[in-house]
Amino acid sequence: MLTSLTDLCFSPIQVAEIKSLPKSMNETNHSRVTEFVLLGLSSSRELQPFLFLTFSLLYLAILLGNFLIILTVTSDSRLHTPMYFLLANLSFIDLCVASFATPKMIADFLVERKTISFDACLAQIFFVHLFTGSEMVLLVSMAYDRYVAICKPLHYMTIMNRRVCVVLVLISWFVGFIHTTSQLAFTINLPFCGPNKVDSFFCDLPLVTKLACIDTYVVSLLIVADSGFLSLSSFLLLVVSYTVILVTVRNRSSASMAKARSTLTAHITVVTLFFGPCIFIYVWPFSSYSVDKVLAVFYTIFTPILNPVIYTLRNKEVKAAMSKLKSRYLKPGQVSVVIRNVLFLETK
């Protein structure tokens with residue numbers, strides 16, 4: 001019936017065009033991208049072995065450094081304080097930030113064609129915004145902890161009790177989850193039916209949205225607004241917190257001022273290393289992709305490896321706890337015994 005009405009109302013040429021529309025639309029709908037090609041850090045084959053070795057060592061250092069902080073804080077009762085509780089959670093998030101894409105990047109150095117499935121790409125987008133969003137809020141919580149410790153020392157343990165510390169950590173994960181859910185909502189329904197090359201070593205949201213078959217200008221603005229709001233608001237809260245701390249200790253003794261400056265130096269360094277690349281990528285999203293790749297490596301690799309160094313090298317309590325941990329599990333002669341046993345088993 002519909003065919004006969006169409007034939008009566010339109011010319012043969014128009015009928016042919018109308019009948020061809022559904023077919024072309026179906027072909028477009030079914031030609032969705034099923035995988036993306038990651039261009040990685042470099043296209044040079046000669047550099048791949050060097051990059052594989054370098055990033056394997058860096059990733060191993062991230063795992064050892066952050067696991068050591070978590071083990072030290074949990075095993076030493078003297079470190080069961082709010083500051084070290086938050087520090088251990090920061091180390092856990094750093095492990096997550098370094099692990100959502102780095103193992104695949106390292107494995108991709110050994111293959112010529114670097115691909116990732118559509119679902120795995122969405123998973124990377126989900127986890128990178130979950131972990132980085134959570135870390136931003138956790139850094140604000142750590143700044144609040146230092147504010148209470150320095151500005152209200154007599155009420156520190158009352159204000160920063162265990163329940164408050166747990167709530168602060170849960171809030172950081174909740175905000176990270178809300179942030180990544182809103183970001184993923186912008187991407188999950190975009191049509192990808194043509195280009196599938198991502199100029200990075202993981203599926204970064206601004207780069208993936210540019211591959212959609214439709215104009216993503218509005219979507220890109222929403223993504224920038226979402227990420228920019230979280231990054232800038234967290235950064236401003238941190239700046240205000242540290243400014244208030246410095247003003248508060250200004251009239252105190254030089255010893256208190258020196259201790260506050262030492263604490264703030266570590267915190268501000270970590271904040272700058274983490275927020276700098278994030279703000280640059282999302283507030284100025286139209287920069288060159290090569291710069292974005294360098295910054296992405298910075299906050300996924302170098303920040304997680306520098307955090308343990310920054311927070312522990314100048315911290316006498318952590319270094320003392322690590323020495324105690326070393327003496328407990330690595331007693332004199334114990335390492336040599338383990339080595340001899342391994343060699344004995346190999347010769348049997």
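Q: Which residue does a disulfide join to cysteine 121?
A: Quick ground rules: this is a predicted model, where local features need pLDDT of at least 70, side-chain atom pairs count only at pLDDT 80 or more, and totals for chains, interfaces and linings use all residues. Residues are numbered from 1 along each chain as its sequence is written, and side-chain values use heavy atoms, with hydrogens and water left out. A disulfide here is a pair of cysteine sulfur atoms within 2.5 Å. With S to S at 2.1 Å, the partner of cysteine 121 is cysteine 203.

Q: Which parts does the pair of cysteine 121 and cysteine 203 tie together, and how many residues apart are they in sequence?
A: Helices (H or I, at least four residues) and strands (E, at least two) are DSSP runs, numbered from the N terminus. Cysteine 121 sits in helix 6 (residues 118-151), while cysteine 203 is in the loop between strand 3 (197-198) and helix 9 (205-209). So the bond ties together parts that are 82 residues apart in sequence.

Q: What is the handedness of the disulfide of cysteine 121 and cysteine 203, left-handed or right-handed?
A: Look at the torsion about the S-S bond, which comes out at about -125 degrees. That value is why the disulfide of cysteine 121 and cysteine 203 is called left-handed.

Q: Is cysteine 203 buried or exposed?
A: The cut-offs: buried means under 20% relative accessible area, exposed over 50%, and partly exposed in between (1.4 Å probe, protein chains only). Cysteine 121 has a relative accessible area of 1%, so it is buried. For cysteine 203 the value is 0%, so that residue is buried.

Q: Which residue is joined to cysteine 193 by a disulfide?
A: A search of the whole structure turns up two disulfides. Counting bonded cysteines along the chain, the pattern is 1-3, 2-4. For cysteine 193, with S to S at 1.9 Å, the partner is cysteine 213.

Q: What is the geometry of the ring pair of phenylalanine 126 and phenylalanine 127?
A: Rings of Phe, Tyr and Trp (its six-membered ring) pair if their centres lie within 6.5 Å; planes under 30 degrees apart count as stacked, over 60 as edge-to-face and the rest as tilted. The whole structure has 13 aromatic pairs. For phenylalanine 126 and phenylalanine 127, the centres are 5.3 Å apart and the planes are at 80 degrees, so the pair is edge-to-face.

Q: What kind of pair do phenylalanine 298 and phenylalanine 302 make?
A: Both lie in helix 12 (residues 289-313), four residues apart, about one turn of the helix. Phenylalanine 298 is partly exposed at 28% relative accessibility, and phenylalanine 302 is partly exposed at 32%. With centres 5.9 Å apart and planes at 40 degrees, the pair is tilted.

Q: Which residues do ring pairs link into a cluster?
A: One member, phenylalanine 127, is partly exposed at 36% relative accessibility. The cluster linked by ring pairs is Phe92, Phe126, Phe127, Phe131, Trp173 and Phe177.

Q: What percentage of residues 164-186 is helix?
A: The UniProt annotation "transmembrane region", from an unreviewed entry, covers residues 164-186 among other spans; such annotations may be inferred rather than shown by experiment. In the model, the end C-alpha atoms of residues 164-186 lie 33 Å apart.
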